[in-house]
Amino acid sequence: MQTNLADFIKHTPEGQEAAGILGKCVHCGFCTATCPTYQLLGDELDGPRGRIYLIKQVLEGVRPTEKTQLHLDRCLTCRNCETTCPSGVQYGRLVDIGRKVVDEQVPRPFGARVVRQALKAGLTSPLFGPAMKLGQLARPLLPGSLKSKVPAPQRAGDTPSRSHPRRMLMLAGCVQPAMLPNINTATARVFDALGIELVVPAAAGCCGAIRYHLNDHDGGLADARANIDAWWPHIESGCEAIVMNASGCGAQVREYGHMLRHDPAYAAKAQRVSDLTKDVAEVLPSMAEAIKAKLVHQPSPAPDSGARGQAPAGAGGAQHRVRADSAPRVVFHSPCTLQHGQQIRGEVESLLTALGAEVSPVGESHFCCGSAGTYSVLQPDLAYKLRDRRLGHLEAPAPEVILSANVGCITHLQSGTERPVRHWIEWLDARLSGSVTQ
Ligand code: SF4
Ligand code: SF4
């Protein structure tokens, strides 16, 4: 696609990058068929090819309107279109550039600006944890729309205290420790059982995705630099990898090298951090035999209590126990940030199967659940339609538990079903400790 950039962006790194991406698009429209928002709305401008046209027009100097902004806002940034595209168009990077340019030319109403500012500041603030606790106390009294954003309190279980010669870094994340604290402790317990210590520097915080995808690129870059500074001494002292158990964070940290490529002080470090970043789904399959051996040698579990939907505790507290040698029926919802953003597909399902689970196939497995970072707050109608459509497929095989790999997807899906939705690492932790969380 030939692009004649307008003067305001022609000589900027963003302009050059956008022109390179646009140049690869051949208008074939294959991507449109797999776009969730096009499937729901049926408007070419709510699909990737239409949005690419809109962005091209704006970068060529056409004044964007509120309608342009709305079509870009409705995009989930799920990057399903990137997986489909035969020409390698990096739509996610293009839409980040396009949204920022449009926002600079189309001021949002005061109320919308306040909401976006509150999301950027609130979700990444140290006060988010105490606020979540208050919300959980008041949860029974909250209206349904708010209640769906506040998960029931969850016990985190114990954090291992043993040291091991093998060490990896782990990103705790900004909202995850407050919303679903068992995910991080379960990850630490699984790695501890495999002889790996997970190091979590206190100075590391939000991966930057929240600010970056709300068009605060400077704020997102500041988050990235802070994490690099927090991790670097541990990388130099021999940490093997940076482990991610939230695929949204992993997809973002893998972009650090690209995001900071023009920063002479950080470019090399950022690329090293991106290269070291691994989702748990990439690290654990190579240790499947060791995990299996631990499952075989665990003590015989207590009979199934029949409880359902209770907070998981893994090795750290009261548990729902079923026979570890049974074949629990599970489904796996692969987050877009895992399967499209990081192109990691099939690893979790294969590992769960190897560990004795019956992993049922699900329809439209490439589809977004509608969570998409802050999307479920900013575009609730579309988000809940997508959630219910996704749950329809996930619940069809009547699984005992729905497993996933990202805190946002888990919370969003759980808001639409009584069936338990958990991170797959919690399920594995519970298996290793002789119980299965459902
Ligand atoms: S990122 Fe997702 S929602 Fe956005 S255009 Fe691509 S497929 Fe559609
Ligand atoms: S599939 Fe790729 S090349 Fe075809 S229209 Fe979509 S982005 Fe362009």
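**Notes on the model**

1. The shell around ligand 1 comprises eight nonpolar, three polar and two charged residues. This is a predicted model. Of the 13 residues around ligand 1, those that come nearest are Cys35, Pro48, Cys75, Cys78 and Cys81. Helices H4, H5 and H7 each contribute at least two residues to this shell.

2. Ligand 2 is surrounded by 15 residues, the closest being Cys25, Cys28, Cys31, Cys85 and Val89. Two or more residues of this shell come from each of helix H3 (30–33), helix H5 (48–59) and helix H7 (80–84). The largest share, three residues, is that of H5. By class, the shell around ligand 2 holds 10 nonpolar residues, four polar residues and one charged residue.

3. The protein chain is divided into domain 1 (7–105) and domain 2 (283–432). In the contact between them, domain 1 takes part with 13 residues and domain 2 with 13 residues. On the side of domain 1 that touches domain 2, helix H4 (36–41) and H7 each provide at least two residues. That side of domain 1 consists of four nonpolar, five polar and four charged residues.

4. The largest nonpolar core has 102 residues, and the members that touch the most others are Leu171 and Trp424. Domain 1 (7–105) and domain 2 (283–432) each give at least three residues to this core. With neighbours within four places in sequence set aside, the contacts of leucine 171 are Ala204, Cys207, Ile242, Met244, Cys249 and Val253.

5. Just after H26, glycine 434 adopts a positive phi of about 90°.

6. Four strands form an open sheet in the order S6-S5-S7-S8, and their pairing is parallel. Strand S6 (358–359) and strand S8 (421–423) are at the edges with a single partner strand each, so one side of each has no neighbour in the sheet. Strand S5 (residues 329–332) pairs with S6 in the parallel sense over two bridges. Within this part of the sheet, valine 330 stands opposite valine 359 in S6.

7. Where does asparagine 406 lie? Asparagine 406 is found in the loop between strand S7 (401–404) and helix H25 (407–414). Is asparagine 406 buried or exposed? With 31 other C-beta atoms within 10 Å, asparagine 406 is buried, because a residue counts as buried when 20 or more such atoms lie within that distance.

8. Asparagine 406 and serine 334 are separated by 72 residues in sequence, while their C-alpha atoms are 8.6 Å apart in space. Leaving out neighbours within four places in sequence, asparagine 406 is in contact with Ala246, Ser247, Gly248, Pro335 and Thr337.

Terms used:
Residues numbered from 1 in each chain as written. Chains lettered and ligands numbered in written order. Predicted model: local features only at pLDDT ≥ 70, side-chain atom pairs only at ≥ 80, totals over all residues. Near = placed C-beta within 6 Å. Nonpolar A, V, L, I, M, F, W, Y, C, P; charged D, E, K, R; others polar. Core = buried A, V, L, I, M, F, W, Y, C linked by C-beta atoms within 7 Å. Buried ≥ 20, exposed ≤ 12 C-beta atoms within 10 Å, placed from the backbone. Domains from an automatic or database assignment. Contact = placed C-beta atoms within 7 Å. Pairing = 2+ DSSP bridges.
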